[in-house]
Amino acid sequence: MKALLISIFLLTTMNAKVLVMVDTAMGSSFSSDINIVKKNILLNKNEAKNLQKIAQHKIKSKIFKVYLAKKDSEVVGYGVLISQKVRSKNAVVLYSISKDGILKNIEIIAFNEPLEYLPSQKWKEQFKNKRTEDQLEVGTDIATISGATLSASAITNSSRVALALYQIKLKNL
């Protein structure tokens, strides 16, 4: 319940329309019987610089909201919540990453741009099974979205950030 209230507070303060709750998205990525533990990750200056180099994308904050998916006491995966401006408003996306560093799923948690710019489920599925080593560039290995290029770019850039965060911090938790 506490995680639900925190998620609602987080999303409402970001001025975005809530599409799905974090707990629901994490459950669909891993399993419904997981325990979800929320953590805030703070990167130091060198870690932030390294993350930007790996992700090939500038970050605006060194603080990340991360969810650990645990079954019993073992971590089975991670959820990285990233808020990014699409055109003029925020989109909040949860990137679900396996304990082996494979992107399992992306779920748009909140979106405040017009809904015609919201990517389809089919488009989001092309991120499944991607790793840090994958290029993840719109127009090369990630398809563009006609009329929603900024949404596609924001989500793709953030996917590289989430995978880089896994490589720098999460795999050693």
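Guide: We'll talk about backbone angles, then aromatic rings.
Guide: This is a predicted model, where local features need pLDDT of at least 70, side-chain atom pairs count only at pLDDT 80 or more, and totals for chains, interfaces and linings use all residues. Residues are numbered from 1 along each chain as its sequence is written, and side-chain values use heavy atoms, with hydrogens and water left out.

Visitor: What's the phi of Gln 56?
Guide: Near 55°, a positive value, and Gln 56 is not a glycine. Most residues other than glycine have a negative phi.

Visitor: Where is Gln 56 found?
Guide: In the loop between helix H3 (45-55) and strand E3 (63-71). Helices (H or I, at least four residues) and strands (E, at least two) are DSSP runs, numbered from the N terminus.

Visitor: Is Gln 56 buried or exposed?
Guide: Exposed, because its relative accessibility is 57%. The cut-offs: buried is under 20% relative accessible area, exposed is over 50%, partly exposed is in between (1.4 Å probe, protein chains only).

Visitor: And Leu 136, buried or exposed?
Guide: Buried, at 1% relative accessibility. Leu 136 also has a positive phi, about 50°. It sits in the loop between helix H4 (121-124) and helix H5 (149-168).

Visitor: New topic. How many aromatic pairs?
Guide: The count is 2. Rings of Phe, Tyr and Trp (its six-membered ring) pair if their centres lie within 6.5 Å; planes under 30 degrees apart are stacked, over 60 edge-to-face, the rest tilted.
Guide: One of the pairs is Trp 123 with Phe 127, edge-to-face, at 5.2 Å centre to centre and 65° between the planes.

Visitor: Are Trp 123 and Phe 127 buried or exposed?
Guide: Trp 123 is buried, at 7%. Phe 127 is buried too, at 0%.
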